[in-house]
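Here is a short tour of the model for anyone who likes to start from geometry. Keep the viewer open and follow along.

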Amino acid sequence: MESTHKLVIKNIGLILSGALEQPILDGDTLVAIGGKIAGIGYAKDLDTGNPDTLIDAKGAALSPGLIDSHVHPVIGDYTPRQQQIGWIDSCLHGGVTTMISAGEVHLPGRPKDIVGLKAMAIASQRWYENFRPSGVKVHAGAPVIEEGMEEQDFKDLAEAGVTLLGEVGLGSVKAGDKAKRMVAWARKYGIQSTIHTGGPSIPGSGLIDKDVVLEADADIIGHINGGHTALPDDQIVCLCESCKRGIEIVHNGNERAALLAMRTAFELDQSERVILGTDAPAGSGVQPLGILRMIAMLSSLGDIPAEIAFCFATGNTARMRGLDCGLIEAGKSADFILIDTAQHAPGKDMLDSIHQGNLPGVGMTVIDGVIRSARSRNTPPATRLPEQII
Ligand SMILES: [Zn+2]
């Protein structure tokens, strides 16, 4: 990407900002230069001349690219979990432009000795930094902590570029007091942590209940609705009420528990804590439309405006995780999706259609100001399709 490359998107019908405090922005045009947002508003007020790339949105909506806060990648665009190639590309077609690893736990023969797990985390961070499948930003290299790790190990990992911990609880550290010590070391060196919440996911993983989650005090309450098995309702409510950590809801969990967690966050007036993930690849497979499905599910069954549900999958996650995407704001990464009401879907407009439980159609994805895909092969077809003019 050249630093002067100019992208102009005109005739946008609706701009979703990703920000809860103002989820819809006025305007019909967006300008990005060098892969960063330079201006948003009405065409008459912006410098739209001499674009290198010009997109006519044809009235479709623009949203920040979706962020999947909880994935388990291994290498490139291959997952051994379900022997699947191209799963990340499939998710791009579901509107996901950024993924965050909760641990590369599906690698056959994954090392569990300390030097081995550190080496693998560092290597994973590098191979996804050096290779973006279909342009998707995969933040990976998330070690699963094991008994015997010392403060120096976290310092070593941070100095080598590791910024995330894999789900606490998937390794041998399952007691709250031990997890608390290691999570604090990670935080001291700038490594963000997440904890498995709920019953075991697959044979070999274990139960993490509310007492362990609260004692460990990881930055994100990973899949608060279970992955797959949720905690009892009173424990989910207690987790939301007793701490200020991220409330992560995943597709690969209990949907009733997801709605309970979201409603509790609203009752506490803390909806900025809600973020979305899929937990894919998992035993239930890969869900290329998982984040869109979560948005439609939470909006319809949870009866919240669709534009708010989009914030859970964009700005909330970006702010919590310190990413430079997920918000339509000058200076942020030019990572977008252009979406519209699915053909023949009910609803007076796209947001109303999603609020009725229908998925939108993805018409185009853009990452760092570059078009990465046109009409999605996975969503229902969008009514209005953007077109690249230049
Ligand atoms: Zn988990």
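## Strand β11 and its partners

In this predicted model, strand β11 (residues 96-101) is mostly covered, with six of its six residues buried. Strand β8 (residues 66-71) runs parallel to β11, and four bridges join them. If you want a residue pair to click on, D68 has M99 in β11 as its bridge partner.

β11 also pairs with strand β12 (residues 137-139), again in the parallel sense, over three bridges. There, I100 stands opposite H139 in β12.

## The six-stranded sheet

Another place to look is an open sheet of six strands with mixed pairing, in the order β3-β2-β7-β17-β18-β19. Its edge strands are β3 (24-25) and β19, each of which pairs on one side only. Inside this order, β17 and β18 run antiparallel and are joined by six bridges. One of the pairs to find is F336 with V366, its bridge partner in β18.

## Overall build

Stepping back, the protein has 11 helices and 20 strands. Its radius of gyration is 20 Å, close to the 21 Å that the globule rule gives for 390 residues, so the protein is as compact as a globular protein of that length. Along the principal axes, the C-alpha atoms fill a box of roughly 60 × 45 × 35 Å.

Buried residues make up 55% of the 390 residues. Among contacts with a separation of 6 or more, 73% come from residues 24 or more positions apart.

Several residues of α8 are buried, namely G290, I291, L292, M294, I295, A296, L298 and S299. After the helix comes D303, whose phi is positive, near 50°.

In helix α2 (residues 114-130) you will find K118. This lysine has 19 other C-beta atoms within 10 Å, which makes K118 partly exposed, because a residue needs 20 or more to count as buried. Leaving out residues up to four places away in sequence, K118 touches P143, D153, D156 and L157. K118 and A142 are 24 residues apart in sequence, and their C-alpha atoms are 9.3 Å apart in space.

## Backbone details worth a check

Two cis peptide bonds can be looked up here. One joins G227 and H228, with omega about 10°, and H228 is found in the loop between β14 (220-221) and α6 (233-242). Another runs from A280 to P281, with omega near -15°; P281 has its place in the loop between β16 (274-277) and α8 (290-301).

Positive phi values in residues other than glycine are the next stop. D217 has phi near 60° and lies in the loop between α5 (210-216) and β14. H223 has phi near 25° and lies in the loop between β14 and α6.

How values were computed:
Residues are numbered from 1 along each chain as its sequence is written. This is a predicted model: local features need pLDDT of at least 70, side-chain atom pairs count only at pLDDT 80 or more; totals for chains, interfaces and linings use all residues. Helices (H or I, at least four residues) and strands (E, at least two) are DSSP runs, numbered from the N terminus. The radius of gyration is taken over C-alpha atoms; the globule rule is 2.2 Å times the number of residues to the power 0.38. A residue is buried if 20 or more other C-beta atoms lie within 10 Å of its own, exposed if 12 or fewer, and partly exposed in between; C-beta atoms are placed from the backbone. Two residues are in contact if their C-beta atoms, placed from the backbone, lie within 7 Å. Two strands pair if DSSP finds at least two bridges between them.
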